[in-house]
Amino acid sequence: IKIGDGIFILKTEEIDKLKLTQKEKQLMKPFYTTNELFRYYGNPKNHSWIIYSDMEVRKNINEYPHIKAHLDKFKKVITSDFAPYGLHRAREQKFFEGEKIMSLRKTSSPYFAYTDFLCYVSQTYFIIKPQDINLKYLTGLLNSNLMYFWFKFKVKKQGEQLQIDKEPLL
C-alpha cells in the first residue's frame, strides 16, 4: 500500500490494474467532486470512480474476487461499521440517477449544480430531487443573490461558511 492509493474511490488507471470482471465493473460508478461540479452545472466527464458496495454486495462479496482482494489490502485502515467491504452509510442509488440538483453543503456562497447524468457524490453534497418544479429554474434561483441573502440568516454557519442542509431547503 502506498500513500494516495484509492480504497473505494479510484482513478481509471487504478481500476485497469485490478482486472475486474464484467460483473465487478458494474459496481464501479462515476464519482464527482468540486473539480467536475460547478455552480449551475456539472461536467459529465468524471476523473474518479467509486466501488459502490451496498448491503447486497457486502453479503455476496465472494462473487467479486478482484474487488474483495483490493479491499482486503486495506482491512487495517477501513474503520466503518461495514469494514472492509461496505461503504459507510451508502445512500440509495436512485438519488444519483436522473435529473437532480447537487448542493454543496458547506460553502461561502450558494453552490448548486444541475445534473442529468449518473452522478455519485460524497456527503459533501446534498442531493435535491423535487418532482414538481423545473430543476434548471430552481438551480438558477438557488444560486441567486436573493437566496444568498436568505441563507445568510436561515442556515447554520461555521465562521463565514454557510452550512446548507435539508431543513432550510425544505
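Helices (H or I, at least four residues) and strands (E, at least two) are DSSP runs, numbered from the N terminus. Keep that in mind as you click around.

**Before you start.** You are looking at a predicted model, in which local features need pLDDT of at least 70 and side-chain atom pairs count only at pLDDT 80 or more, while totals for chains, interfaces and linings use all residues. Residues are numbered from 1 along each chain as its sequence is written, and side-chain values use heavy atoms, with hydrogens and water left out.

**Stop 1: the whole chain.** Show the chain as a cartoon and you can look for 7 helices and 10 strands. The C-alpha trace spans about 50 × 30 × 25 Å along its principal axes. Of the 170 residues, 41% are buried; buried means under 20% relative accessible area, exposed means over 50%, and partly exposed is in between (1.4 Å probe, protein chains only).

**Stop 2: Tyr137.** Select helix α5, residues 135–142, and find Tyr137 in it. Is Tyr137 exposed or buried? Tyr137 counts as exposed because its relative accessibility is 53%.

**Stop 3: Lys100.** Now select strand β5 (residues 100–104), where Lys100 lies. Which backbone oxygens does the side chain of Lys100 reach? One belongs to Gly98, at 2.5 Å, and another to Phe117, at 2.7 Å.

**Stop 4: two residues with positive phi.** Most residues other than glycine have a negative phi. Select Lys19, in the loop between α1 (12–18) and α2 (22–25). Lys19 is not a glycine, but its phi is positive, about 55°. With 63% relative accessibility, Lys19 counts as exposed. Then move to Tyr40 in strand β3 (residues 40–41). Tyr40 also has a positive phi, about 85°, without being a glycine. Its relative accessibility is 41%, so Tyr40 counts as partly exposed.

Conventions:
Polar contact = N/O pair within 3.5 Å; in protein donor to acceptor, adjacent residues only side chain to side chain.
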